[in-house]
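Hi everyone, thanks for making time this morning.

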Amino acid sequence: MSETLLEVKNLKKYYSSSKGIFSKKNESVKAVDGVSFTIEKGDVFGLVGESGSGKSTIGKTILRLHDKTEGEVRFKGEDVFSLIKKDLRRLRVQTQLVFQDPFSSLNPRIRVGDAIGEAMVQHGLATNKDVREKVLQVMETCGLSPYHADRYPHEFSGGQRQRIVIARAMALNPEFLVMDEPVAALDVSIQAQIINLFSELRKKNGLSYLFISHDLSVVEHLCTKIAIMYLGNIVEMATKEELFDNPLHPYTKALLSAVPIPDPRVKRERIILKGDIPSPVNPPSGCKFRTRCPIATELCAEKVPEFRDVGNEHFTACHYV
Amino acid sequence: METVKQLIYKEKKPVKVKSPSLWKQTYRRLKKNKLAMISLFFLIFMFLLSFVGPYFSPYILDRTDIAYANRPPSASHWLGTDNYGRDVLTRLMMAGQISLTIGLASMFLSIVIGAFLGAVSGFYRGVVDLVIMRLADILMSIPGLPLLLIMGAILSEWKVPSEYRLYIIMIMLSVVGWPALARLVRGQILSLREQPFMQATEVLGLSDRRKIFHHLIPNTLPLLLVVATLNVAGSILSESALSFLGLGVVPPTPSWGNMMDAANNYMDFRKRPWLWIPPGLTIFLTVVSINLLGDGLRDALDPKMKR
């Protein structure tokens with residue numbers, strides 16, 4: 001039916017933070033602590049979680065911007081971390097990243113057209129002669145005007161810059177895009193435009209996305225499959241409909257109950273979580289969510305809940321589901 | 001119908017506005033800074049004086065004429081003559097050629113070495129960084145002037161002809177100059193390489209060469225330019241100091257420094273101020289102008305700093 005594009009198996013990423021040269025204690029921040037998921041071709045996989053849950057780290061690690069600590073990432077069956085330089089360059093064409101902050105992800109001293117075109121030339125997708133034409137094409141698909149190509153990034157607004165960043169990524173005609181909170185820095189009306197652009201590009205080019213966000217309403221609009229993260233682990237993963245209609249994990253329930261509904265007459269029960277997300281240096285024993293979970297018991301402190309299939313492509317990690 | 005269509009067509013005519021390059025924008029801001037512009041024009045004037053001026057001089061550089069020795073400024077010798085009867089103005093212009101060339105060339109050389117080594121060591125880090133930076137540390141831990149003095153003394157001992165000394169002094173000055181620049185560039189690059197736009201170049205799969213020369217170094221260029229400008233002043237001063245001490249450019253080749261040295265006795269100092277005031281003043285004004293221009297450039301390149 002559908003082919004697997006990206007396969008992540010038990011991915012771990014620890015950052016070590018040594019406390020000076022005289023201290024022997026070496027603490028590590030467990031940013032991503034054993035995450036597995038697969039993305040099929042054409043999927044829009046939403047990765048949702050609060051800040052510090054390791055979403056961006058996953059996004060950057062699977063593109064090999066960071067090294068992994070453990071686990072496996074396979075793109076089209078190839079192990080991303082064992083690629084040699086030449087093959088890595090090939091991977092770079094197929095996968096791209098769109099950053100959260102459109103202000104710092106463009107080099108201030110390079111004209112927009114050059115920024116979009118240089119990778120094309122480097123990978124032999126365009127020659128010095130026809131690069132201009134191809135750049136203008138990509139810019140048009142991303143809703144930019146031709147005269148924008150000769151300007152510098154600081155002459156654009158946030159939304160336009162994000163279009164430029166998207167155009168830069170799209171220039172290589174990738175199959176898979178990692179979106180690291182691409183709309184978080186934009187205001188709502190621009191968010192809508194950019195999200196519509198994503199949908200269009202997906203239809204037109206058959207793209208697959210890993211869409212990292214903390215905004216459930218954006219994810220609901222765009223994604224086909226959603227994973228909820230908490231402190232370096234996926235706590236629940238299901239198709240969009242399944243997740244929104246039938247959330248199982250208490251954390252997911254709390255998140256969904258926090259999504260604002262633009263209707264003051266609707267009454268509903270809010271699940272308020274107490275406290276903050278614990279430190280990833282020293283996570284709670286057992287189920288990491290237990291310190292804030294409304295239904296936690298002693299079992300949760302003792303045993304790590306298994307991430308299991310509860311049917312209907314719905315996975316969750318909780319003892320009481 | 002037609003007219004409406006035409007109207008719409010007119011509306012849609014593409015706007016063609018190419019933004020001026022960042023250098024042009026910088027020049028525009030620099031133009032507003034009067035002091036910097038005056039300095040710039042003074043420096044251009046000094047260049048013209050030094051490089052074009054000698055062609056209009058009726059005197060030959062090394063022609064001595066004892067009969068005309070030690071004459072005060074007059075209509076035929078505008079700045080008088082020195083104790084060998086040579087025209088001071090002509091010598092001043094020729095000395096300018098040498099001092100400015102040494103200043104610019106040694107700056108250029110130390111920029112090239114410093115920027116390249118700094119960029120490489122900041123970009124690759126690890127062992128490369130360690131080796132380059134320790135080398136820089138070693139060079140920086142040796143005080144500059146004594147080192148130059150010793151090297152100058154060695155050159156005199158070896159009786160290096162005065163034409164060659166010029167080039168050797170350039171190289172000496174850049175050897176002393178590059179570590180500071182390399183450190184500066186390295187620091188900049190260490191902070192730049194963590195910027196999201198550098199991560200973007202990684203994801204885009206750009207080559208290391210492209211990353212360093214198209215993305216990193218252009219971003220350090222503004223700072224580099226300012227430091228380079230100020231460095232020229234430093235080089236001119238060092239060269240003058242060395243030549244004054246008789247260890248830099250040696251007579252008969254004139255330089256601003258050794259022209260002052262020629263007046264290094266009480267009689268010349270008191271009785272013949274035209275021997276030492278002109279070179280002293282040119283050194284002073286040139287260095288001050290370069291510093292003011294550098295300051296102006298800093299403000300023009302970084303408009304965020306001001307206001």
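Let me begin with a term: buried area is the accessible area, taken with a 1.4 Å probe, that two parts lose on being put together, summed over both. One caution as well: what you see is a predicted model.

With that term in hand, how much area is buried between chain A and chain B? It is about 2,600 Å², and carbon and sulfur atoms give 55% of that. The contact draws on 30 residues from chain A and 27 residues from chain B. Which three residues of chain A supply more of its buried area than any other three? They are Arg109(A), Glu118(A) and Gln122(A), and together they supply 25% of what chain A buries against chain B.

Now let's look at the polar side of this interface. The rule finds eleven residue pairs in polar contact between chain A and chain B, both partners at pLDDT 80 or more. It also finds two salt bridges across the interface. In a salt bridge between the chains, the side chain of Glu118(A) meets that of Arg210(B), at 2.8 Å from N to O.

Where on chain A does the touching side come from? Helix α2 (85–94), strand β6 (95–98) and helix α3 (112–122) of chain A each supply at least two residues to it. Sorted by class, that side of chain A has eleven nonpolar, eight polar and eleven charged residues.

Over all chains, the count comes to 22 salt bridges. One that I'd point out joins the side chains of Lys288(A) and Asp33(A), at 3.0 Å from N to O. This pair links distant parts of the chain, 255 residues apart: Lys288(A) sits in the loop between α9 (250–258) and α10 (298–302), while Asp33(A) lies in strand β2 (residues 26–40).

Last stop, chain B. The axes of helix α5 (residues 88–124) and helix α6 (residues 126–141) of chain B come within 7 Å and cross at roughly 145°, and the crossing is left-handed. On the α5(B) side, the contact includes Leu117(B) and Tyr124(B), and on the α6(B) side, Ile132(B) and Met133(B) are among the residues they meet as a group. By class, this contact has six nonpolar, two polar and one charged residues.

How values were computed
Residues numbered from 1 in each chain as written. Chains lettered and ligands numbered in written order. Predicted model: local features only at pLDDT ≥ 70, side-chain atom pairs only at ≥ 80, totals over all residues. Heavy atoms only, no water. Axes fitted to C-alpha atoms, helices over the stretch in contact; angles between N-to-C directions. Helix = DSSP H or I, 4+ residues; strand = E, 2+ residues; numbered from the N terminus. Left-handed = near helix turned anticlockwise from the far one by under 90°. Contact = heavy atoms within 4.5 Å. Nonpolar A, V, L, I, M, F, W, Y, C, P; charged D, E, K, R; others polar. Salt bridge = Lys/Arg side-chain N within 4 Å of Asp/Glu carboxyl O. Polar contact = N/O pair within 3.5 Å; in protein donor to acceptor, adjacent residues only side chain to side chain.
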